[in-house]
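Here are a few friendly notes to read alongside the model. Please keep the viewer open and find each residue as you go.

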Amino acid sequence: MSGAVSIYEGSIYLPNQLVDTYFRGINAVIVLIQQGELMVMPVHQATSGGSLLKIKNAAGDRVVQARDVFQNQDMLDFRTDNLAVNWSTEKSALCAILVNN
């Protein structure tokens, strides 16, 4: 399954459908950007760290704040309303190719 996320000022907004499919029961994620690829990976144990997957609204959409990750890549001003994402079994992550606009 594929879908889309929104990104504003280092925050990633995930619709409920993606959360329910890939992050059900997950309260934290790890966000990485490597070689222009965004990866959002579930954290299964609270002691492992990660960023909180906060509830955004009553529909169950979520937001994860990853300002530091985008800032480290000089992409803090990156914005999009419809970034295509796909689940990578090999990486155990929701992945997207970032094109700095």
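1. Let us begin with a term: contact, or touching, means heavy atoms within 4.5 Å. Phenylalanine 23 touches Leu14, Leu18, Val29, Val40, Met41, Pro42, Leu53, Trp87 and Leu94, leaving aside residues up to four places away in sequence.

2. A word on the origin of these values: this is a predicted model, where local features need pLDDT of at least 70, side-chain atom pairs count only at pLDDT 80 or more, and totals for chains, interfaces and linings use all residues. Residues are numbered from 1 along each chain as its sequence is written, and side-chain values use heavy atoms, with hydrogens and water left out.

3. Is phenylalanine 23 buried or exposed? Phenylalanine 23 counts as buried because its relative accessible area is 1% (buried means under 20%, exposed over 50%, partly exposed in between, with a 1.4 Å probe and protein chains only). Between the C-alpha atoms of phenylalanine 23 and proline 42 there are 6.4 Å in space, although 19 residues separate them in sequence.

4. The largest nonpolar core has 26 residues, and Leu14 and Phe23 are among those with the most contacts inside it. Such a core is a set of buried Ala, Val, Leu, Ile, Met, Phe, Trp, Tyr and Cys residues joined through side-chain atoms within 4.5 Å.

5. Now look at serine 51, which is partly exposed, with a relative accessible area of 23%. Serine 51 touches Asn27, Ala28, Val29, Val64 and Gln65, again not counting residues up to four places away in sequence.
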